[in-house]
There are 4 protein chains.
Amino acid sequence: MTGAASSSYAYLGPEGTFTEAALLQVPGAGSARRVPASTVGAALDAVRAGSVDAAMVPIENSVEGGVSATLDAIAVGDPLRILREELVPITFVLAARPGATLGGIRRIATHGHAWAQCRTWVDKNIPGAEYFPASSTAAAAYDLVGDPGESSGDAHGAAGHDAAICSPLVAERLGLAVLATDIGDVTDAVTRFILVGRPDALPPRTGSDKTTLVIPLPEDRPGALMQILDQFAARGVNLSRIESRPTGQFLGDYFFSVDADGHVEDARIADALKGLHRISPGLRFLGSYPRADRRSPAVERHTSDEAFGAADAWLASVLRPAADAHRGSKHSRLTIEASPT
Amino acid sequence: MTGAASSSYAYLGPEGTFTEAALLQVPGAGSARRVPASTVGAALDAVRAGSVDAAMVPIENSVEGGVSATLDAIAVGDPLRILREELVPITFVLAARPGATLGGIRRIATHGHAWAQCRTWVDKNIPGAEYFPASSTAAAAYDLVGDPGESSGDAHGAAGHDAAICSPLVAERLGLAVLATDIGDVTDAVTRFILVGRPDALPPRTGSDKTTLVIPLPEDRPGALMQILDQFAARGVNLSRIESRPTGQFLGDYFFSVDADGHVEDARIADALKGLHRISPGLRFLGSYPRADRRSPAVERHTSDEAFGAADAWLASVLRPAADAHRGSKHSRLTIEASPT
Amino acid sequence: MTGAASSSYAYLGPEGTFTEAALLQVPGAGSARRVPASTVGAALDAVRAGSVDAAMVPIENSVEGGVSATLDAIAVGDPLRILREELVPITFVLAARPGATLGGIRRIATHGHAWAQCRTWVDKNIPGAEYFPASSTAAAAYDLVGDPGESSGDAHGAAGHDAAICSPLVAERLGLAVLATDIGDVTDAVTRFILVGRPDALPPRTGSDKTTLVIPLPEDRPGALMQILDQFAARGVNLSRIESRPTGQFLGDYFFSVDADGHVEDARIADALKGLHRISPGLRFLGSYPRADRRSPAVERHTSDEAFGAADAWLASVLRPAADAHRGSKHSRLTIEASPT
Amino acid sequence: MTGAASSSYAYLGPEGTFTEAALLQVPGAGSARRVPASTVGAALDAVRAGSVDAAMVPIENSVEGGVSATLDAIAVGDPLRILREELVPITFVLAARPGATLGGIRRIATHGHAWAQCRTWVDKNIPGAEYFPASSTAAAAYDLVGDPGESSGDAHGAAGHDAAICSPLVAERLGLAVLATDIGDVTDAVTRFILVGRPDALPPRTGSDKTTLVIPLPEDRPGALMQILDQFAARGVNLSRIESRPTGQFLGDYFFSVDADGHVEDARIADALKGLHRISPGLRFLGSYPRADRRSPAVERHTSDEAFGAADAWLASVLRPAADAHRGSKHSRLTIEASPT
């Protein structure tokens, strides 16, 4: 392994998932080694163990689930860093073996989440179709060609189903016939994935960044959450996501997972992080990375890097005479004798 | 239908799910009509249509998923009300046909979430076991006895698997052999379910209540979330859950789903709701209902019902002389002539 | 005393003070009975005793002092209500007996505050002039004409001084020669006075009003002041004045005197007052009255009377089904049996 | 001038005022050069001009007035620094020439504020006494002995009065007969004075300090004041005084004068000052100095110097890998090719 070209990635497999599609959006990933993993935890552990450089996993509701699992998996254990996020359009196709026709479909396999989203279409267009649960949309497609490989994870062997609801990517890759496209209830659905690497990485600031944090609630009382959120609001930092999550240790104990607009190298984010650390020292920094939507936050003058720099300079000027005076400056002739008390 | 005994309930099926276990914790539900539904949405629609009185659905991460789906399903569409919550211990058993032994198990079916949680145990105790995805833990168990019924939803027909990871409830009900108990990674796991009814219901105040709200973010700017949360903090109301959810209409548009400690008939909650309505008039009230853990919040003097009552009385006394004066009271002899300006 | 025309007023005397000038700005006061008082406390006591209908006193820094005294005098004792405020331009003249010339002036009397403000002019134009302190600018003028009357309060008898620094009003009224005008350091100085009546009065809302409150600090800790001010900020209410005042009982015990933009009949002010009463029940309402500058605050939609009204209506609609249900409504068929626990 | 003994001080004179009494409480001031000034502004100007090292002036309501004048005088003009504060008990005596008796007193001179506070006693004990205004309580005493000196400032010459209400200090110094003691309405009255020096001085931190600031209101809108005060509250800093003051430039334009508990060398105060500078860059630091009452604030763990230090160290550790990575660290093998966009 001797250069950038030799980067390697894990992802939530099997091949052909929307997660692999997200990974393929990463520049250079098309020619890199790509290793499917059966769970989010396994993908992240591969990063921790050093067997891959980074892992692509889902972070928002998607047909591949994994959201809560992902949040929880990166919140504990050895530290990791989020390196980038990818948005992937979620469109479902009905795929079958070459030669099949819509009229002949009776048994459809897919992941439960995809089934829920496409059921309206199925009920209308293939009344009476049977549902075969699959561990992923991609696995349902692989089973059709009789070769799940290591990546499928399912054990159906010779599939009992004759169609799969899956991504366009896997249908094309396997040479399946696409009988219908865009069959989900929600058109224009987009889901979000993150690329996770080791904790010595920090993507450079682009001006359109996002910072992800895990913040344990220091005390379970009214106002404790406000005190946390005020660290952002007081520095003009917007949050694009917040979720309370039980720590799992006992009821009533929470942590918060948040995405804040900005990069830790922005003065307002750095200052907010220091404020958060003071009230919740168990804070975990999960990374600053470019926003997939390239939107830049409006930064008010008083939270700009310039305002922070000017404040630092001003405070130094306030303290400077004191420093001189402590060294026996001749500027002030006044010496007040110590009070006898 | 003339009494309590005739209540009817939908739940996320099939029979034997942890959701049915939650429903069976409701007093009287054991003898009521119980209707399994294939999705959370279907269960809620049965309530809206009036074909059942209420529906039990999962609201926190569970092996039966449904969390985001539940949050979103009750946030839109015809109004519903949460009537109560139930906590259910989540423990998995490995179940097989009577006579089977652990040594003979090769193919295990279950829901993907349960598989993820029990995989450590399986790898250690049944190395090389194959995984068969099922649409639910209960469906995996039903398939073993060759009679999925209407409730299974899966189409495996004659199951290719020889064991299921499922709830103790369904194993016992089907007379399966329990080969191992408590095989999940997390012991003491508890998940939360809610009973949802029609919007004309409001459970009485018990002193240990929870209020669930859906609050659209009025503007996507720093401070807008703080303004919402301040409505709670300013009245000493603690939040036990908060989640931002994209509205799905376009990126950057959010609503918040929160659980607040207290009942809408508590003055501090009623006042907070009015404050929220002013800043986010699209607010949706999803109910006030008893907390499953029976914990009561500590209420400070200045947010007690008494403090609210005293403030109302004081303000009335401030305004009263004015009312009298406007009616031509003789208390004040002072009449200031109108300014010429 | 048989009608409005017979209103009577006290004011901080003697005759010819800026305070009397403020009183004369009140419609109808020119023809009313006007009673000079020697101190702010005496003027207010005349209102409390019923011997006059209202009293005009200074409330902002002025050459007639009285600010702290006024704040403290209306903060304790029998309740009073502020009825209106007046802004008066403060301009000083150098007045002397008819026939006097600037060149002949050697000894100048005035109140200490006026002396401080006019000293620059005096040093430049009448070098070497001596200063005679007087109890008020008006008293200094009266002494020139040899008839201090009851209203002067000073005992100089035949004055040793030959000029007075005083208001244009008193110079004109006494027929004095005005040797120089506008001799103060600050041109365009304006000071503020308030008309104080009995607590059964509440001037009607004009849309451009001010509300004055005295708010004891409930606890001397960081955040207690914020909690008070948040009652205003959370309702979009601007403060045009705030002063902490020691209660005088022991060090570290404070009350706040504030002016808020708006009238107690504005919903946002009424709601803020109720919030204040909950956290500081010793709150004192000192009146809502028209602003002298006629400026109207910008009211955001969510703090308008309409928003408050809509929130009240919405909350009632949330609670109504419950009220019906408690009365045995047939809308809901669901009756959950009481838990055995 | 080569040592402490050579310090020199101005104070609001004449000799014998409560302000001189405050100055004499300063260690070493008894043997220092003490220069009475006729106004607060003149005393401060002597510091600015370098003719004295520091000036003692009143800062809280007192019989010597000067409060607003002092606040305003240190808020503008060349910078100054407050070096310490002194609390002085305010007790009045009735003093006359040796040999005089209470029965023979007819004409009493004093400052208007002292007259207001002692009038109840005078009305009861010397009915019919006449009042002679004086420019200060000390001047009234000096006039009795026929030698006002330069310091008196008044021009009465041979006094028409036969008693003075003044401080015990001046009565004793002039050898006057004290006919009655403690004749004010308020017993245990204490007033506060400040010692003001040049801006190169900063008294060392004692653990029981006070910081005085002048903060222009950046915008006249609801919430602007909250934003300022939140800089203190968010760092657990208590305020012991707050006053809004019109800037005098036009109505509706304010600055705030505040005293905060703590020293600028306390991390929480330094951080609050930087926050204030960002939102109100015209902020003026008037000094950190020991509290006269020696009370120390309770500092919460999360606002301690230790918490600030730990937060700085943590943030540095978060940023360090990035710094290394930017220098071409070999820790991370991952190099993502630049996006074509």
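I started with a kink: H4(C) bends by about 55 degrees at Cys118(C), the bend being the angle between axes fitted to the seven residues ending there and the seven starting there. The model is predicted, so I kept in mind that local features need pLDDT of at least 70 and side-chain atom pairs pLDDT 80 or more, while totals for chains, interfaces and linings use all residues. Residues are numbered from 1 along each chain as its sequence is written, and chains are lettered from A and ligands numbered from 1 in written order.

**Helix H4 of chain C**

I checked the span next: residues 112-125 reach 19 Å from first C-alpha to last, close to the 20 Å expected (1.5 Å times one less than the number of residues). Helices here are DSSP runs of H or I with at least four residues, strands are E runs of at least two, and both are numbered from the N terminus.

Which residues of H4(C) are buried? I found Gly112(C), Ala114(C), Trp115(C), Ala116(C), Gln117(C), Cys118(C), Arg119(C) and Val122(C). Buried means 20 or more other C-beta atoms within 10 Å of the residue's own, with C-beta atoms placed from the backbone; exposed means 12 or fewer, and partly exposed is in between. Their cover includes strands S6 (107-110), S7 (130-133) and S8 (163-166) and helix H5 (137-144) of chain C.

**Ile59(D)**

I then looked up Ile59(D), in the loop between strand S3 (54-58) and helix H3 (67-75) of chain D. Ile59(D) counts as buried because it has 25 C-beta neighbours inside 10 Å.

**Chain A**

Last, I noted ten helices and 14 strands in chain A, with buried residues making up 55% of its 341 residues.

Note on methods
Contact = placed C-beta atoms within 7 Å.
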